[in-house]
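Visitor: Please take one part of this structure and describe its surroundings closely. Then set that part beside other sites in the chain.

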Amino acid sequence: MTNSPVSEHAPKIGDTRLLIDGERVDSADGATFAVYNPATGEEIAQVAEGKSEDIDRAVKAARRAFESGPWRDMKPKDRAAAIWRLGELLVENKEELGGLETLDNGKPFLQARDGDVPTAAGLFHYMSGWATKLEGTTIPISFPGQFHTFTRREAVGVVGLIVPWNFPLTISAWKVAPALAAGNTVVLKPSEVTPLTALRLGDLALEAGIPPGVLNVVPGFGADAGAALTAHPDVDKVSFTGSTATGRAIMQAATGNIKKLTLELGGKSPDIIMGDANLEAAIAGAADGIFYNQGEACAAGSRIYAHRSVYDEVVAGISAAANGINVGDGFDASSFIGPLVSKEHHAKVRSYVDLGREEGTVAAGGEYATDGGYFVNPTVFTDVTDQSRVVREEIFGPVVSIMPFDDTDEVIRRANDTRYGLSAGVWTESISTAHRMAEALRAGTVWVNCYGVFDAAMPFGGYKESGWGREMGGIVLNDYTETKTVCIKIGD
Ligand code: NDP
């Protein structure tokens, strides 16, 4: 583990005040909070701390922009052009945005600049196309000649978007892009751990021609700003990504005015390597599926099931992959894994590493930094059971358990034996096994002979306690629109 100095890619941190109604403003009581570089533990910025009064100001601005601003009534092609332009601006600013993400979250700069930022831009490009395609249908009801009945797709109104710290810009784009394409106005609350790229996204939206008040950005703490946004009576919808526990709190807070909700929550995803798999591809793909982004990914393949005939080879291969990963400052080009995002999260993952030592055997890794940056080495556990806590609970770090299985029905049952249902992976050379397992696995996404493939056009979301609704794809527009039925009498 290294702790090398910040490189020339680290950008200057600009204005860290709230963005409300197109203006950068201090929080109402002037409060700020510190943001830290997780590679060093050092403070890098003070950011304005939004609280309920600031959320209220932002919601009022978004309401004004929705009811009387130009956004909702803008020609769809003009709205599309502005959203497309925002995608272009992300690409043009990828060096700065990638650098901010690394400073704030810790992830490797090359992954942030060449992965997170283009992915976020792709969301705006893809969703801009939907602004001109939100069509209703004509409906042949049971009274021929008497009624003309059709549906219209309309914006929901003011939407509150609450995003986590693991992909701060990308997950903001997952939500902001479809919300804007459908003509909604937005209050975006980034995690207080990683607020910097969301603030820049707000600036770039203005530069792209998205009118003031349409995208407001209010960093603050979940229990304060987040809770105020979810309980606000003038917010029509909330879309949240984060832990299942917070998702539950948000459901309760949203009951006041029966807000519409989209929840993308936790996961403990199985990645299954069948006896006939292409082992080279499976081992590399499964290792990437857990260790990418420091394992701080809701879809991480954190339970690997390997057929007993290939189990030893899989354990050896994934352990070798874990041992070969460079862990270090995200600005060091040789780092594949950066630090975990925060001191608190580091403490949580460390406690699971310690627990895994008691519950099983360490096949690789197991070390972590105890001072300076928040590093944890990629860790592989074996000799754990389906009841081990490291196998059942979301760790959200570079920590994986590998377990053997004997037959297909057994592994399907064990893979589905979880309260989560976000994603799953299957590695096999048999097309029938691939289809059979894709059907049987209770998860929102099943990857076959690949893992962690995301695209703006692919719906993503969870079964069971992994959430409600979907992100991305055309289907997400259902969550950001109301369907209005119009029935007109045209004859007797
Ligand atoms: P949270 O679910 O608490 O945070 C996610 C977002 O929700 C943040 O913006 C947070 O704000 C906000 N928030 C927190 N409490 C409330 C509330 N009462 N009302 C409204 N918004 C709120 O995740 P943590 O950061 O605490 O991480 C804990 C665990 O959650 C992780 O270890 C991981 O297991 C899981 N997680 C899952 C993610 C996913 O992609 N599904 C992403 C992140 C975490 P703030 O940060 O300012 O408190």
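Guide: Pro339 touches Pro38, Ala39, Asn105, Gly106, Gln294, Gly328, Gly330, Tyr374 and Phe375 when residues up to four places away in sequence are not counted; contact here means heavy atoms within 4.5 Å. The model is predicted, so local features need pLDDT of at least 70 and side-chain atom pairs count only at pLDDT 80 or more, whereas totals for chains, interfaces and linings use all residues. Residues are numbered from 1 along each chain as its sequence is written, and side-chain values use heavy atoms, with hydrogens and water left out.

Pro339 belongs to the loop between helix 10 (311-323) and helix 11 (343-359). Helices (DSSP runs of H or I, at least four residues) and strands (runs of E, at least two) are numbered from the N terminus. Pro339 counts as buried because its relative accessibility is 0%; buried means under 20% relative accessible area, exposed over 50%, and partly exposed in between, with a 1.4 Å probe and protein chains only.

Tyr480 lies between helix 15 (476-479) and strand 19 (481-489). Leaving aside neighbours within four places in sequence, its contacts include Glu154, Ala155, Val156, Val159, Leu161, Lys237 and Ser239. Glu207 is 273 residues from Tyr480 in sequence, and their C-alpha atoms are 24 Å apart.

One of those contacts of Tyr480, Glu154, also meets Arg152 in a salt bridge with an N to O distance of 2.8 Å. A salt bridge is a side-chain nitrogen of Lys or Arg within 4 Å of a carboxyl oxygen of Asp or Glu. Arg152 is partly exposed, at 41% relative accessible area, and Glu154 is partly exposed at 21%. In the whole structure, 30 salt bridges are found.

Another salt bridge joins Asp234 and Arg63, at 3.1 Å from N to O. Because Asp234 lies in the loop between helix 7 (222-231) and strand 9 (237-241) and Arg63 in helix 1, this pair ties together parts that are 171 residues apart in sequence. Asp234 is partly exposed, with a relative accessible area of 30%, while Arg63 is buried at 16%.

Helix 7 itself has Ala225, Gly226, Ala228, Leu229 and Thr230 buried. The cover over these residues includes helix 1, strand 6 (158-162), strand 7 (185-189), strand 9 and helix 8 (244-253).

Helix 1 (residues 52-67) also holds Asp54, which is buried with a relative accessible area of 1%. The side chains of Asp54 and Arg57 are joined by a polar contact of 2.7 Å. A polar contact is a pair of N or O atoms within 3.5 Å; within protein, one must be able to donate a hydrogen and the other to accept it, and residues adjacent in sequence count only if both atoms are side-chain atoms. Apart from neighbours within four places in sequence, Asp54 is in contact with Leu18, Ile20, Asp26, Ser27, Ala28, Glu49 and Val218.

A further salt bridge, of 2.6 Å from N to O, brings together Glu465 and Arg419. This pair links distant parts of the chain, 46 residues apart: Glu465 is in the loop between strand 17 (445-448) and strand 18 (467-468), and Arg419 in the loop between helix 13 (408-416) and strand 16 (423-427). Glu465 counts as partly exposed at 30% relative accessibility, as does Arg419 at 40%. Elsewhere, salt bridges that share partners join Asp15, Arg17, Arg24, Glu96, Arg200 and Asp203 into one network.

The ligand has its own surroundings: 26 residues, of which the closest are Val163, Trp165, Glu192, Ser243 and Lys348; a residue is counted if one of its heavy atoms lies within 4 Å. Oxygen atoms of the ligand lie 3.1 Å from a polar side-chain atom of Lys189, 3.0 Å from one of Thr246 and 2.9 Å from a side-chain N or O atom of Glu394. Taken alone the ligand exposes 860 Å², and the protein buries 84% of that; accessible areas come from the Shrake-Rupley method with a 1.4 Å probe, and for residues only the protein chains shown count as cover.
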